[in-house]
Amino acid sequence: MRQIPGANESIPAIGMGTWITFNVGGDEQLVAQRTRVLKTFFDLGGTVVDGSPMYGTAADVIGEALDSLGAHDRIFAATKIWTGDESETRQEAARSGRRWGLDQFDLLQVHNLLGWQGHLETLKQMKANGDVRYIGITTSHGRRHREFAQIMEREPLDFVQLTYNVLDREVENRLLPLARERRIGVIVNRPFQGGSLFRRFQSEPLPDWVGEVGVSNWAEFFLKFIISHPAVTCAIPATSKVEHMKENMGALYGALPDADQRQRMADYVRSL
């Protein structure tokens, strides 16, 4: 569990993303399968589910799954505002709420800084009115880090979401230290580089010392590297398979690497 900076609340360090994986339209078989994935996530201690209106039908599938599981009270629901119309913040949040089957989101984030000035002003008002609990901004793929840092420096953000993994480490230079300084929670997207880390390394052996850091598979290796950074609050890997969800959630348990061990993990990956 990780405490949300500046709040008297903790969330599990492994959450769940829904980009691509939950965008399955109305196919009943696929929706049922994603519902099993979500059930596994909850059963193994997860709460944080992240979505966006740009993820196709993912929001509707989440809503169906929550209804099937009767799990509306088990979720820390995070979605994004994704519209160029800066006057549509509340309407976008309301539409997403209907799709998820929720009266209120725990976290609303401005997606990839689209229209962030207007949206963030409205989100601040919504938070003050009790219409949302936390607010934030997102980026991915290493985009617009300079502007991102400037917003972090001057705006009262609860969370930022950004890309970080054992190979994509640019945020260690400025954004992660700034988040600690400003007491902003950090949600990490693309922890597996959209699956490319598995395609690149899954045929390689894990080092013989991984037991020291509580790792038994590559998913735990990649995720424990991320969540052991002191600035990181939660990582949100996405998967469509129950077995992969079990591997992801294994990172919630057991030892975490210290700073020296994290460096050793990064060095090992770079050596392959």
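Which residues have the most contacts inside the largest nonpolar core? Keep that question in mind as you open this predicted model, and let us walk towards the answer.

**Stop 1: the sheet.** Switch to a cartoon view and look for an open sheet of 8 strands. Reading across, the order is S3-S4-S5-S6-S7-S8-S9-S10, and the pairing is parallel. Now colour the two edge strands, S3 (16–17) and S10 (234–235), each of which pairs on one side only. As background, strands of a sheet pair through backbone hydrogen bonds, either parallel or antiparallel.

For a detail of the pairing, select strand S5 (residues 76–81) and strand S6 (residues 107–110), which run parallel and are joined by 4 bridges. Click on threonine 79, and then on leucine 108, its bridge partner in S6.

**Stop 2: the largest core.** Here is the answer to the opening question: show the side chains of Trp100, Met152, Val160, Leu162, Tyr164, Phe221 and Phe222, the residues with the most contacts inside the core. The whole core has 80 residues. Helix H8 (residues 218–227) contributes the largest share of this core, with 8 residues. In soluble globular proteins, nonpolar side chains tend to be buried together.

Zoom in on phenylalanine 222. Beyond its neighbours within four places in sequence, phenylalanine 222 is in contact with Val166, Pro191, Phe192, Leu197, Phe198 and Phe201.

**Stop 3: helix H5.** Select residues 145–154, which form helix H5. Its buried residues are His145, Phe148, Ala149, Ile151 and Met152. Turn the view to look down the axis of H5: the buried residues fall within an arc of 160°, so they line one face of the helix.

**Stop 4: glutamine 161.** Stay with strand S8 and pick out glutamine 161. Is glutamine 161 buried or exposed? Its relative accessibility is 2%, so glutamine 161 counts as buried. Show its side chain together with that of aspartate 50: the two make a polar contact of 3.2 Å. Another polar contact, also of 3.2 Å, joins the side chains of glutamine 161 and asparagine 189. Leaving out residues up to four places away in sequence, glutamine 161 also touches others, among them Lys80, Gln109, Ile137, Phe148 and Ile236.

Key. Residues are numbered from 1 along each chain as its sequence is written. This is a predicted model: local features need pLDDT of at least 70, side-chain atom pairs count only at pLDDT 80 or more; totals for chains, interfaces and linings use all residues. Side-chain values use heavy atoms; hydrogens and water are left out. Two strands pair if DSSP finds at least two bridges between them. A nonpolar core is a set of buried Ala, Val, Leu, Ile, Met, Phe, Trp, Tyr and Cys residues joined through side-chain atoms within 4.5 Å. Buried means under 20% relative accessible area, exposed over 50%, partly exposed in between (1.4 Å probe, protein chains only). Contact means heavy atoms within 4.5 Å. The arc is that of the directions from the helix axis to the C-beta atoms. A polar contact is a pair of N or O atoms within 3.5 Å; within protein, one must be able to donate a hydrogen and the other to accept it, and residues adjacent in sequence count only if both atoms are side-chain atoms.
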